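Please look at the sequence and the structure first.

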Amino acid sequence: MEATLMVLHLLLILVMGFSVESQLQTGFYSSSCPKAEAIIRATVESHFKMDPTIAAGLLRLHFHDCFVQGCDGSVLIIGPSAERNAPQNLGLRGFEVIDDAKSQLESLCPGVVSCADILALAARDAVDLSDGPSWSVPTGRRDGRISLSSQATSLPSPLESITAQRQKFAAKGLDDHDLVTLVGAHTIGQTECRFIKYRLYNFTATGNSDPTIKQSFLAQLQAVCPKDGDGLNRIALDRDSQNKFDVSYFKNVRDGNGVLESDQRLWDDAATRNIVQKYGGTFRGLLGFRFDFEFPKAMVQMSSIEVKTGTQGEIRKVCSKFN
């Protein structure tokens, strides 16, 4: 009898553990807030029509959220020591889109839909609106109660080597394939000149440019980013189609036309170069389709990093502050 009770006790502990760590699931809000995904989609679409560049902002926002404290909406918190104030998060955009969707959802289904899920769904919709793939987003994330700028060091930096980036991705359960695929999100979006000027004028502290930049492209970059400029001019990360989600980004890296140093470094490493070649090779149609297939898989995996489910965390009433 005592042995039976012990077994039952162990089973109860396991069941409780599974309820807390329950997996995300597609259609999590189908009963509790059936219009949730449609409202988020309509909100993203409304903002996208006014400014198509917001798509890249939402995608980057989700990425930066997941790499710090997991995909728990911690990057959305406002506060002097909050995550979004970290130097690594300089220039993050799209907060107003998430707040807009949350406000509508709180009116319809108060206390049901997490900010973390809104962010994950909005990132998917942003890609779809940019002529990229769409996919089913598993939901059920809860919002975190911690947001510290000091923890943003886990974010990959455009100044880091591939080795350093690989280590940061691996720490989140992501491999080289995920790294290259997810960085392929740079097929949409822009950066400011201040983040690349060192490549153009003083790469080795002797006044020369980064030799990996194709010379004809270097002239284009210098025209947009003059040496004596304030560094605030913006330049497309994909010079061929900055608002279209396609494989031209990989072709640019292959041809020495990567804008960020970290992008171009993908070509220096044998393992990442092989993946870039597969996405940006000669057979554009076939390989473009493959990227459309691989990117959703990588996004689903990334958006599951260290998620909070069950009774963990909270469902915020306002995305920018804890309850």
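Accessible areas here come from the Shrake-Rupley method with a 1.4 Å probe. The model is predicted.

## Surface and charge

The protein exposes about 14,700 Å². Carbon and sulfur atoms supply 58% of that area.

The protein carries 34 positive and 37 negative charges.

## Overall build

Two strands and 13 helices make up the secondary structure of the protein. The radius of gyration is 21 Å, close to the 20 Å that the globule rule gives for 323 residues, so the protein is as compact as a globular protein of that length. Along the principal axes, the C-alpha trace spans about 80 × 45 × 40 Å.

Of the 323 residues, 51% are buried. Take the contacts between residues at least 6 apart in sequence: 74% of them join residues at least 24 apart.

## Nonpolar cores

The largest nonpolar core holds 70 residues. Which of them touch the most other members? They are Leu-59, Leu-76, Ile-98, Leu-266, Phe-295 and Met-302. Helix α5 (residues 115-129) gives this core its largest share, ten residues.

A second, separate core has 13 residues. Among them are Ile-196, Tyr-201, Cys-225 and Leu-260.

## Contacts of Leu-266

Leu-266 belongs to the largest core. Neighbours within four places in sequence are set aside here. Leu-266 is then in contact with Ile-162, Leu-179, Val-180, Val-183, Tyr-249, Val-253, Thr-272, Arg-273 and Val-276.

Conventions. Residues are numbered from 1 along each chain as its sequence is written. This is a predicted model: local features need pLDDT of at least 70, side-chain atom pairs count only at pLDDT 80 or more; totals for chains, interfaces and linings use all residues. Side-chain values use heavy atoms; hydrogens and water are left out. Helices (H or I, at least four residues) and strands (E, at least two) are DSSP runs, numbered from the N terminus. The radius of gyration is taken over C-alpha atoms; the globule rule is 2.2 Å times the number of residues to the power 0.38. Buried means under 20% relative accessible area, exposed over 50%, partly exposed in between (1.4 Å probe, protein chains only). Contact means heavy atoms within 4.5 Å. Lys and Arg count as positive and Asp and Glu as negative; His and the chain ends are not counted. The place of a charge is taken as NZ of Lys, CZ of Arg, CG of Asp or CD of Glu. A nonpolar core is a set of buried Ala, Val, Leu, Ile, Met, Phe, Trp, Tyr and Cys residues joined through side-chain atoms within 4.5 Å.
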